[in-house]
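This report describes one protein chain for a reader who is new to structural analysis. Please keep the sequence and the model in view while reading.

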Amino acid sequence: MNVIRAALMAVVGTCVATAGLLACSSAASNGTGPGADGGGGNDGQVSNADGAMPGVDGSPGGGDGSVATGQGSGLILVTQLVTASAAQSGVTAGFNSTAVVPAGCTKTMVAGCFATSCPVVMGILRSSLNAGTITVTGTGPSSPATLTFGPFGGDAGINGYKGVDAPSKFYNDGDTLSASGAGGPDLPAFAAQTLVAPTDIVLTAPACANVVCANFARSTDATLTWTGGGAGNVGVTYITDTDNGSKTLSCSFAAAAGTGTVPSAALMMLDVGTAPGFTGVEVISPNNSKTFMVGTLPTLFEAQGSGIEGSFTTTD
């Protein structure tokens, strides 16, 4: 799973412009995921969000999981994909003072999951605030990663943090990661923030192989099962694009539970497979996260482990 795809998972249904991309995630922002105690439900059911979850405009959510408005947000994201023959990791960051979303995007909570609907396919956006040099450390050979603010790629006049990618591991399962910022003209320095890295899982359902996952009926609950799992959660994000726009559904479960159920009421928020121009992508991955403040800006620090990604079609 590449960094751009991973970052689409990084802030639950927020449509917040960070790190040169538009992020939508399965992870909550209270350190371990949704739930009244900061964790997913231990029975494998979807937990309700109670913490400071970024809203559809990138602002903190309400204490009851509702969407608050009027504030920007930040993101520091570590991703890692490990296979039997290779490893790839990436680190990226971004900060914005105001919400930058496609016009008309909405986010709702449905049966414990977050559904985002946008009238356009979500595209690439850029970081707009300079927090100085960001240093992220792990224990793998590609650590540490140093992110600097400056011209973003070949886009004249657009600045941001360019991600750091490496063909090696950034961390080992269960390691402690840290992120710190030197401070810049737009945001103050922040002391090292620590986070326990997620543990990779082995997915046992649904069936996904060769970048294709099993098709499913929206009218039937979808059950996920896996082995392994450590700190944090296992998140599943479904993305459907049609000629009429884009829809994202994100649900999160305690990693230690080994199972989770996405209710049909939530799946019905996705597009039907017969819609003109339909494409569907499903991503399932372990993750852990926390929120901290950079000045007055709520910032999500998240690590995502090896994910399983595949296309799908909804059958009703």
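A disulfide is counted here when a pair of cysteine sulfur atoms lies within 2.5 Å. In general terms, a disulfide is a covalent bond between the sulfur atoms of two cysteines.

## Basis of the report

The structure is a predicted model, in which local features need pLDDT of at least 70, side-chain atom pairs count only at pLDDT 80 or more, and totals for chains, interfaces and linings use all residues. Residues are numbered from 1 along each chain as its sequence is written, and side-chain values use heavy atoms, with hydrogens and water left out.

The pLDDT is the predictor's confidence in each residue, on a scale from 0 to 100. Its average over the chain is 78, and 72% of the residues score at least 70. Over residues 1–70, however, the pLDDT is below 50, and beyond near neighbours in sequence this stretch has 261 contacts in the model. A contact means heavy atoms within 4.5 Å.

## The chain as a whole

The chain contains 2 helices and 23 strands. Both kinds of element are DSSP runs, numbered from the N terminus: helices are H or I runs of at least four residues, and strands are E runs of at least two.

Of the 316 residues, 56% count as buried. Buried means under 20% relative accessible area, exposed means over 50%, and partly exposed lies in between (1.4 Å probe, protein chains only). The accessible surface of the chain comes to about 11,400 Å², and carbon and sulfur atoms contribute 55% of that area; such areas come from the Shrake-Rupley method with a 1.4 Å probe, and for residues only the protein chains shown count as cover. Among contacts with a separation of 6 or more, 67% are between residues 24 or more positions apart.

## Three disulfides

How many disulfides does a search of the whole structure find? The search finds 3. With bonded cysteines counted along the chain, their pattern is 1-3, 2-6, 4-5.

The link is right-handed, with 120° about the S-S bond. Cysteine 105 counts as buried at 12% relative accessibility, and cysteine 118 is buried at 4%.

Cysteine 113 and cysteine 251 form another disulfide, their sulfur atoms 2.0 Å apart. Because cysteine 113 lies in strand S6 and cysteine 251 in strand S19 (residues 245–254), the pair ties together parts that are 138 residues apart in sequence. Both cysteines are buried, and their link is right-handed, with 115° about the S-S bond. In the disulfide of cysteine 208 and cysteine 213, the sulfur atoms are 2.1 Å apart, and this link is right-handed with 110° about the S-S bond. Is cysteine 208 buried or partly exposed? At 23% relative accessibility, cysteine 208 counts as partly exposed, whereas cysteine 213, at 4%, counts as buried.

Strands of a sheet pair through backbone hydrogen bonds, either parallel or antiparallel. Two strands are taken to pair if DSSP finds at least two bridges between them. Strand S5 (residues 106–110) and strand S6 (residues 113–118) pair in the antiparallel sense over 5 bridges.

S5 and S6 form a hairpin with 2 residues between them, and alanine 111 in the turn has a positive phi of about 50°. The bridge partner of valine 110 in S6 is cysteine 113.

## Two open sheets

An open sheet of 3 strands, paired antiparallel, has the order S14-S17-S20. Strand S14 (201–205) and strand S20 (259–262) each have a single partner strand, so one side of each is left without a neighbour in the sheet. The twist averages 25° from one strand to the next; axes are lines fitted to C-alpha atoms, for helices over the stretch in contact, and angles run from 0 to 180 degrees between N-to-C directions. S14 is joined to strand S17 (residues 222–228) by 4 bridges, and isoleucine 201 has glycine 228 in S17 as its bridge partner.

Another open sheet has 4 strands in the order S8-S7-S12-S13, with antiparallel pairing. Its edges are strand S8 (145–147) and strand S13 (190–196), each with a single partner strand. Here the twist averages 15° from one strand to the next. Strand S7 (residues 134–137) and strand S12 (residues 176–181) run antiparallel and are joined by 4 bridges, and threonine 135 stands opposite serine 180 in S12.
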